Amino acid sequence: MLLLRGLLARQGLDEALVLSALELLVWAERAAKNSDGARAAFEAFAERSDDDARRFAVAKIAALALSEAGRKAEARRAS
């Protein structure tokens, strides 16, 4: 996750790379059982993406992270 955050801190990255890094970060945060991190990564992804299908798919991963952390009400709002 540090590598992804370091990449995202760089200026001038291609937008496709930024979106891919943010998407991967949602997955990584979920795998690390960090629901706050997954939610934050999803919010950053959602602000930048105009692809509804991809945004929905990433929202489902963030919602799973929240649900697995016992935050089911937040999970329903995220998805």
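Which residues in helix 2 meet which residues in helix 4? Please keep in mind that this is a predicted model. On the helix 2 side, select L19, S20, E23, V26, W27 and R30. Their partners in helix 4 are R54, V58, I61, A62, L64, A65 and E68. By class, this contact has 8 nonpolar, 1 polar and 4 charged residues.

**Stop 1: the helix pair**

**Stop 2: the nonpolar core**

Next, select V26, F42, F45 and V58. In the largest nonpolar core, which has 14 residues, these are the ones with the most contacts inside it. Helix 2, helix 3 (35-48) and helix 4 are the elements that give two or more residues to this core. The largest share, 6 residues, comes from helix 2.

Stay on V58 for a moment and display its surroundings. Not counting residues up to four places away in sequence, V58 touches E23, V26, F42 and F45.

**Stop 3: E29**

Move along helix 2 to E29. Is this glutamate buried or exposed? E29 has a relative accessible area of 1%; the cut-off for buried is under 20%, so E29 is buried. With neighbours within four places in sequence left aside, E29 is in contact with M1, R5, N34, G37 and A38.

**Stop 4: G37 and S35**

One of those contacts of E29, G37, is your next selection, and you will find G37 in helix 3. G37 has 14% relative accessibility and therefore counts as buried. To try the distance tool, pick the C-alpha atoms of G37 and A59: they are separated by 13 Å, with the two residues 22 apart along the chain.

Finish with S35, also found in helix 3. S35 is buried too, at a relative accessible area of 8%. What does S35 contact once its neighbours within four places in sequence are left aside? Select A65, L66, A69 and R71 to see these partners.

Definitions and conventions: Residues are numbered from 1 along each chain as its sequence is written. This is a predicted model: local features need pLDDT of at least 70, side-chain atom pairs count only at pLDDT 80 or more; totals for chains, interfaces and linings use all residues. Side-chain values use heavy atoms; hydrogens and water are left out. Contact means heavy atoms within 4.5 Å. Helices (H or I, at least four residues) and strands (E, at least two) are DSSP runs, numbered from the N terminus. Ala, Val, Leu, Ile, Met, Phe, Trp, Tyr, Cys and Pro count as nonpolar, Asp, Glu, Lys and Arg as charged, and the others, Gly among them, as polar. Buried means under 20% relative accessible area, exposed over 50%, partly exposed in between (1.4 Å probe, protein chains only). A nonpolar core is a set of buried Ala, Val, Leu, Ile, Met, Phe, Trp, Tyr and Cys residues joined through side-chain atoms within 4.5 Å.
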